[in-house]
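Subject: Handing over the two-chain model

Dear colleague,

Please find below the structure I promised to pass on, followed by my notes on what came out of the analysis. I would be glad if you could read the notes with the model open beside them.

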Amino acid sequence: MDIIDRRANPHGKNLGNRQRVLSRARAAVAQAARKAIDQGTIREVGQGQAVTIPADSLNEPSFHTVFTSGQRQLVLPGNREFSTGDRLSRPRGGGGGGGSGSGAGQGDAEGEDGFRFVLTRDEFLDLFFEDLELPDLVKNQIVNVEISAPARAGISMDGSPSQIDMSRTMRRSMARRIGLRRPKTPEVEALEEEIAALEESGADADRLVALRAELDLALRRLARVPWIDPVDLRYRRFTNVPKPSARAVMFCLMDVSGSMSEQMKDLAKRFFLLLHVFLERRYKRVELVFIRHTEVAEEVDEQTFFTDPRTGGTVVSTALAEFLRIQRDRYPQDSWNIYVAQASDGDNSSSDTRQAVAIMEADILPIVQHFAYIEVAASAAMIRGETDLWRGYEPLSQRAPRLAMRRVSERRDIFPVFRDLFGRKAATA
Amino acid sequence: MNGGLLYSGADWDFRTLSRSYDAIERIACEELGLEVYPNRIEVITAEQMLDVYTAHGMPLTYRHWSYGKRFLQHEASYRRGYSSLAYEVVINSNPCISYLMEENTATMQALVIAHAAFGHNHFFRNNHLFRQWTDADAIIDYLEFARTFIAGCEDRYGVAAVERVLDAAHALSRQGVHRHGGARPLNLKTDQKRERERREYDERMFDDLWRTVPGGRTSVDTDPIGERRRRLGLPEENLLYFIEKISPRLQSWEREIIRIVRLIAQYFYPQPQAKVMNEGCATWVHQRIMTRLHDTGQIDDAAFLEVLHSTSNVITQPDFDQPGGGVNFNPYALGYAMMTDIERMCTQPTEEDRAWFPDIAGNGDPLGTLRYAWANFRDESFILQYLSPAVIRQFRLFRLMDDTSETTLLVDAIHDDAGYRAIRRSLARSYDTSESDADVQVVDVDLAADRRLILQHRTRPGRLLAQRDAEATLRHVAALWGYEVRLQEIDSDSDAVLATHTAEPQGA
């Protein structure tokens, strides 16, 4: 007989099998994801609701018979009141062709049910974004290589000499010296002096003998009990604490002037939500900044951003300037990945477009990871290529690949646009 | 030796386990006369137990999504608290591996050692089904070979191609066993050798020239159909075997994978046929051993109460109208009740027992009688032979006649003199797997012509195959066969065709 402790064996034997399930259900997952977005439930998805996927593809068929008609006999336990010849009405669900005894119906139907399982939000999103990749991956590499910084974590008995904690070490040393009654140097010196004095005077020989013995003992003690013993040593201990260095900030810029209808704002909102969910996958920490603008721009909270209506003209450069101000104040380029998503109907006061483009080119595009401009429009209102802002940005986007621009006119356009913007660019970079 | 407790309290360590094992082994082997494979006891965590579940208790398997699916199901229901994990899982192998959960108390560890390492182990070693159909010595090695081989195929031919074959073979695994004639023992060496020879043969016989020969020989095959079927060994009920040997399109590695699935299905073939007996045997043995441990003062009253509590939980049989009840019996309850009843009949028979079981009533040898039953029966025959009126009364069994032409169900037998035999016969029949397994056979194929494979399902009206599953399975058959497959459902009395399904291989 052997008794073997297997608890320390590698766990997660079924990870590979689990991944195979997911990859098999991938088609169903993608379907469910698109459906979720089409039906406007992406917000709930973003908040961590699980998605249930009907998985016909996970059905394991086999040849098995089903009782539909004819005669059969069933033996059941727990008879309390029946005698031979009694007739019972069929239990619910057992009528007609699916005739069955108590509880038998469930057994028969078993093979028919599709297997359903629930993906966690993370798995859902992983599948959802699997073929998407951020365009500028320079800073993004930080996500994979975790940066850690040493942080104080108590004391330890060993370490490098440079980390000796002097005060602790000395405290222990002193306690030990006192405890072991190591004579202090002045005491020894006093003894020696007294002995010298006695030897000189020659008086009190007994006292001299005692003092000599005492000195002898003290010297031996001094030799035996070291000033600093290895047991006294204490070192400062450091552990490496991972640093959430992969931070991103996402600026949402939106035109809230009168020309933006509720429907347009709704489209823009969907885009922002999707982008946010996406960035959350990539970065440990994602901050959101909402900037709305009409003739003037201001930073607002999310609620206000999407719900509070404003009227007025449109000056896009104010929003860009506000973005730059906030970025300089709070999100220095060397420690933040900066993403900007701008949604607008394309209107701008014609004199401002030139300035907006200039700010874009000179100040904004060099510091951002990505600038997504989407133009939303109620389906018929958009005239292709003719809006002020589009005309302005278009040549810029030819030169700067970080600026991506797309048009969205219906809710179901969002996802394809999103894929376009962030989809893997085949070997262009 | 018998003085003093083996342990006290709930905590255990490896010395406790070892002491308990020794005490249990003394009772099992000396007093009960059990014959067991050498034991190996492995202590695992809950998470590892989930892994073990997933693969039907096999310690290692090849990779396939269906195991992942099962894992997800078990994990979900465990995490939400819908179901708790088994205290143990035991594997029919030599040495016999029992998995114990680390969460168990000392008493539970002793109980599951008695249950699994001696009860189940004795049953595996002695029951004729297991002796005849499975080879406990070779199974672990064979699984290792299967895993390595399939992983190798995945590297060589791609995961998708291997998965396609595995999916199809899994779908047919119920039709992949030889039900007659016993199993040939597994042999790792010969299996590896055969696989190597197959590949060498393929390489040797490969000649690109054949591709360029125009036309090909004209067949002058005037064989009558009967001759053709005789040569192919038709009808054949083992679909996987037939496909492995005859299918014209499969690569040799695909044949080997089908063979692996087939042999593993064969290994599991006895399990559902002897579930009541297997669990009954293990429960009876553990209860007996724990009682003896208590009698001899090796466990204290608290521990014994825990044993009683646990056993009575396990052997609860809900009535048909209670939650969890229904047509499915709790195999622990039925098995344990029947075995306790056999013990009673041997030692304290009533007049009724003497009339019903003259050969065992009062023979004074309950252990010998039980060992004989454990060795020589399966659920169906065990119930037919040993279900006594006393147990029928204890469970208050009754029989319902379900006739779909009637609007009501008829109670046609209850636990009285007129009903005992009818109930016993029907209950035994419900444990006959040949009643519940679909009888699908290969009946014809003309390899020289269109190569259409004809399958037959012999059945009765009103008991057809579940259609969606049947068609999906048939597509798997077509994928393996490579040509059209037709399945006819035939009334076994009148030979009338009740239904026909066909499937074409995709992309052919």
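This is a predicted model: local features need pLDDT of at least 70, side-chain atom pairs count only at pLDDT 80 or more; totals for chains, interfaces and linings use all residues.

In chain B, helix H6 (residues 139-157) packs with helix H12 (residues 252-268) at an angle of about 150°, their axes being 11 Å apart. H6(B) and H12(B) are therefore roughly antiparallel to each other, and their crossing is left-handed. On the side of H6(B), the contact is formed by B:Ile139, B:Tyr142, B:Ala146, B:Phe149, B:Ile150, B:Cys153 and B:Tyr157, while H12(B) supplies B:Trp253, B:Glu256, B:Ile257, B:Ile260, B:Leu263 and B:Tyr267. By type, the residues of this contact between H6(B) and H12(B) comprise 12 nonpolar, no polar and 1 charged. As background to the spacing along such a contact, an α-helix has 3.6 residues a turn, so residues three or four places apart point the same way.

In chain A, the axes of helix H8 (residues 185-201) and helix H9 (residues 205-224) come within 10 Å and cross at roughly 150°, which makes H8(A) roughly antiparallel to H9(A). The crossing of H8(A) and H9(A) is left-handed. Among the residues that meet here are A:Leu191, A:Ile195 and A:Leu198 in H8(A) and A:Leu208, A:Leu211 and A:Leu215 in H9(A). The contact of H8(A) with H9(A) divides into 9 nonpolar, no polar and 7 charged residues.

Turning to the interface, 59 residues of chain A are in contact with 79 residues of chain B. The elements of chain A that give two or more residues to this side include strand S1 (2-5), helix H1 (15-24) and helix H4 (104-109), and the residues of chain A that touch chain B divide into 18 nonpolar, 27 polar and 14 charged. Strand pairing also links the two chains, in that S1(A) runs parallel to strand S1 (residues 39-44) of chain B and is joined to that strand by 4 bridges, with A:Ile4 standing opposite B:Glu42 in S1(B).

Finally, a word on helix H10 (residues 225-232) of chain B: of its 8 residues the number buried is 0, so H10(B) lies largely in the open. Just after H10(B), B:Gly233 takes a positive phi of about 75°.

With best regards

Definitions and conventions
Residues are numbered from 1 along each chain as its sequence is written. Chains are lettered from A and ligands numbered from 1 in the order in which they are written. A residue is buried if 20 or more other C-beta atoms lie within 10 Å of its own, exposed if 12 or fewer, and partly exposed in between; C-beta atoms are placed from the backbone. Axes are lines fitted to C-alpha atoms, for helices over the stretch in contact, and angles run from 0 to 180 degrees between N-to-C directions. Angles under 35 degrees count as roughly parallel, over 145 as roughly antiparallel, 65 to 115 as roughly perpendicular and the rest as oblique. A crossing is left-handed if the near helix is turned anticlockwise from the far one by less than a right angle, and right-handed if clockwise. Two residues are in contact if their C-beta atoms, placed from the backbone, lie within 7 Å. Ala, Val, Leu, Ile, Met, Phe, Trp, Tyr, Cys and Pro count as nonpolar, Asp, Glu, Lys and Arg as charged, and the others, Gly among them, as polar. Two strands pair if DSSP finds at least two bridges between them.
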